[in-house]
Amino acid sequence: MIKIAPSILASDFGALREDVLAIEKAGAEWAHIDIMDGHFVPNLSMGPDIVKSIREASGLFFDCHLMVENPKMFVEPFVKAGAELITFHQECVEDMDELIDYIHSFGVKAAVAIKPATSEETIFPVLHKLDMVLVMSVVPGFGGQKFMPEVLDKVRNIRAHKDGKNIDIQMDGGINAETAALAAKAGVNVFVAGSAVFAKPPYTETIASIRKNAEGNYNG
Ligand code: DX5
Ligand code: ZN
């Protein structure tokens, strides 16, 4: 139920494979992979070839967070590269229903992300067909920002609307052991953590402390 998803945006790109192997060994279930296009967010990160090169080295579940305009264009390349979950942003998609079906047609999971300024109500019409909702707790674009507790109300509202369905709620941005406890209390069960995990190796202790607070406080 509880999943820890270190964001490899905060890893050492010069030793990406080693870092991905290290988080796997340290007990993470997922690798959170941030894809940025320089348009939807003012930063660039990585393309499908890089994802493919770590796929060969890792058994982790690959969670691709597309912070890109025209996400449909990138679904197939990232699935072919090894993504098992594709998250797109509500803010740049007109027909979410169609895009969710398109992602599912590749046999992978589909999720919608919302920025801190976006109302959670915008995703309620498609909630029933989603595998996960990503509630951003920072403005997307960069790692290392401060957690915004005001987004927790959105999680409570999504939890109330998902009606017992098996939909994951993920939080991304400023997650550490302390903020993970707050997020878990609100109903988050998938925890993305970039700078907190990669601050210093070995990563085992940080991942364990996030998990402990997440499990101890989870209210889903
Ligand atoms: C931000 C990214 C996050 C980021 C999280 O745009 O979506 O996944 O890497 O990093 P931290 O945990 O450092 O806030
Ligand atoms: Zn992310």
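Which residue has a polar side-chain atom 2.5 Å from an oxygen atom of ligand 1?

## Ligand 1

That's S195, at 2.5 Å from the ligand 1 oxygen. The protein covers 99% of the 380 Å² of accessible area that ligand 1 has on its own (Shrake-Rupley, 1.4 Å probe). D172 also gets in on this, with a side-chain N or O atom 2.7 Å from an oxygen of ligand 1, while G174 brings a backbone N or O atom to 2.8 Å from one.

Around ligand 1 there are 20 residues, and D34, G141, D172, G194 and S195 come nearest (a heavy atom within 4 Å counts as near).

## Zinc site

H32 (NE2), D34 (OD), H65 (ND1) and D172 (OD) coordinate the zinc ion (ligand 2) at 2.0 to 2.3 Å. Donors here are N, O and S atoms within 2.8 Å of the metal (3.2 Å for Na, K and Ca), with water not among the atoms, so sites may look incomplete. Along the chain, the spacing reads H-x1-D-x30-H-x106-D. H32 and D34 are both buried (under 20% relative accessible area, 1.4 Å probe, protein chains only).

The model is predicted: local features need pLDDT of at least 70, side-chain atom pairs need 80 or more, and totals for chains, interfaces and linings use all residues. Residues are numbered from 1 along each chain, chains are lettered from A and ligands numbered from 1 as written, and side-chain values use heavy atoms, without hydrogens or water.

Note on methods:
Buried means under 20% relative accessible area, exposed over 50%, partly exposed in between (1.4 Å probe, protein chains only). A polar contact is a pair of N or O atoms within 3.5 Å; within protein, one must be able to donate a hydrogen and the other to accept it, and residues adjacent in sequence count only if both atoms are side-chain atoms.
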